[in-house]
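Here are my notes on the model, point by point. Please read them with the structure open.

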Amino acid sequence: MDLYHLQVLRGLDPGRRVSGWELSRKLGLPASAVSKSIGWLRTRNYQIGGGSAGGYLLGERSSSLYPWEVSAGLNTSGFGKKIHFFSELDSTNSLAFELALAGASEGEAVVAETQNRGRGRLDRVWISPPGVNIYASLILRPRVAMEQVAQISLLAALALARSCSRLWPVSPGLKWPNDVFLGDKKVAGILSEARTEGGEVRFVVSGIGINVNLDPGDLPGEVRARATSVAEFLGYPVSRLRLWRAFLEDFEEVYHDFLRRGLSPFLEEWDRRSILKGRRVKVSGGQEWEGDVTGLDPSGALRLNDREGKPRVVLAGDIKVTM
Ligand code: BTN
């Protein structure tokens, strides 16, 4: 994006008419550049009324996740400082992986308004309708062992739970390993993918899909019954921008703390937010067990007592609550 488009956007005053002449003088830009920028902004859904003679009036700001909107008021040191934004992509995780292979730095993010091949865990499809949700992937370069990569997903889920409860009167639950719930329905999921070389982690891509203003009625039947969105849960639409910024801030804080001190400082909160603790579950996809969840072990694996009361540790798998 040309920088002067952003200057013009900043020069517009919500609720007050500003003439083309005033903008051009204030910004030191030729009048033709101002009117070109106004056109550019209008094609990006900024509601700008009027014309140069009567003055331009900025109405609703765009509700898109444009990088320049995200960066206004973003309080991070690295996460989301560089955002690769697309109106449509196959999968933000796939592109982030390629960018990371090509040398992209820690904290760079890929965001799309819609994905046509959004991927979930266990080879599932992540349904990604345009304009209502958040589909984003962050590139991380942690110096951790391969076994710790799964811990990063646990922390991304925890960070999102914190973000939601900081913004709205909600107390999200966590379903091991990395689903975020509002009430008894899933509102977000995380897919982390790592590149290793010689047994060492070269980078991790942590992708997050959050149902923000989605109407779950638009989802296919079998998913609809298990999914919700922030807006559905609260009963009113919310700002995707605020949530995305809050998540970048919370995830960065949690991640840096994790690099210094490991997972242990987060286990108590994870357990407290867990919707599985004390529940009877069935584990599939790898280890096949049924039992009562007792919590997380220090590595972030799920602990349960099987039907004979024998303690088991689940490292990976799909969990269904049976009772
Ligand atoms: C899950 O719960 O199964 C994980 C869902 C992860 C979806 C996100 S959307 C952004 C990123 N790109 C993808 O293709 N998947 C993740």
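1. The seven-strand sheet. This open sheet runs in the order E3-E4-E5-E9-E8-E7-E6, with mixed pairing. Strands E3 (83-86) and E6 (173-175) stand at the edges with a single partner strand each, so one side of each has no neighbour in the sheet. Neighbouring strands are turned by 20° against each other on average, direction ignored. Strands here are DSSP runs of E, at least two residues, and helices are runs of H or I, at least four, numbered from the N terminus. Two strands pair if DSSP finds at least two bridges between them.

2. Basis. This is a predicted model: local features need pLDDT of at least 70, side-chain atom pairs count only at pLDDT 80 or more, and totals for chains, interfaces and linings use all residues. Residues are numbered from 1 along each chain as its sequence is written, and side-chain values use heavy atoms, with hydrogens and water left out.

3. E3 and strand E4 (residues 109-112) run parallel, joined by four bridges. His84 has Val110 of E4 as its bridge partner.

4. Helix H5. H5 (residues 92-101) lies across E3, E4, E5 (134-140), E8 (185-197) and E9 (200-210). Its direction is at about 155° to E9. Axes are lines fitted to C-alpha atoms, for helices over the stretch in contact, and angles run from 0 to 180 degrees between N-to-C directions. Contact means heavy atoms within 4.5 Å.

5. The ligand. Which residues come nearest to the ligand? Of the 20 residues around it, they are Ser91, Gln115, Arg119, Arg121 and Lys186. Near means a heavy atom within 4 Å. A polar side-chain atom of Lys186 is 2.6 Å from a ligand oxygen atom. A polar backbone atom of Arg119 lies 2.7 Å from a ligand nitrogen atom. The protein covers 98% of the 410 Å² of accessible area that the ligand has on its own (Shrake-Rupley method, 1.4 Å probe).

6. Helix H1. In H1 (residues 3-11), Tyr4, His5, Leu6, Val8, Leu9 and Gly11 are buried, meaning under 20% relative accessible area (1.4 Å probe, protein chains only). The buried residues of H1 pack against H2 (20-27), H3 (31-43) and H4 (67-71).

7. The five-strand sheet. This open sheet has the order E13-E12-E11-E10-E14, with antiparallel pairing. E13 (311-314) and E14 (318-321) are the edge strands, each with a single partner strand, so one side of each is left without a neighbour in the sheet. The twist averages 45° from one strand to the next. Four bridges pair E12 (residues 302-306) with E13, and Leu302 stands opposite Val314.

Definitions and conventions: A polar contact is a pair of N or O atoms within 3.5 Å; within protein, one must be able to donate a hydrogen and the other to accept it, and residues adjacent in sequence count only if both atoms are side-chain atoms. Buried means under 20% relative accessible area, exposed over 50%, partly exposed in between (1.4 Å probe, protein chains only).
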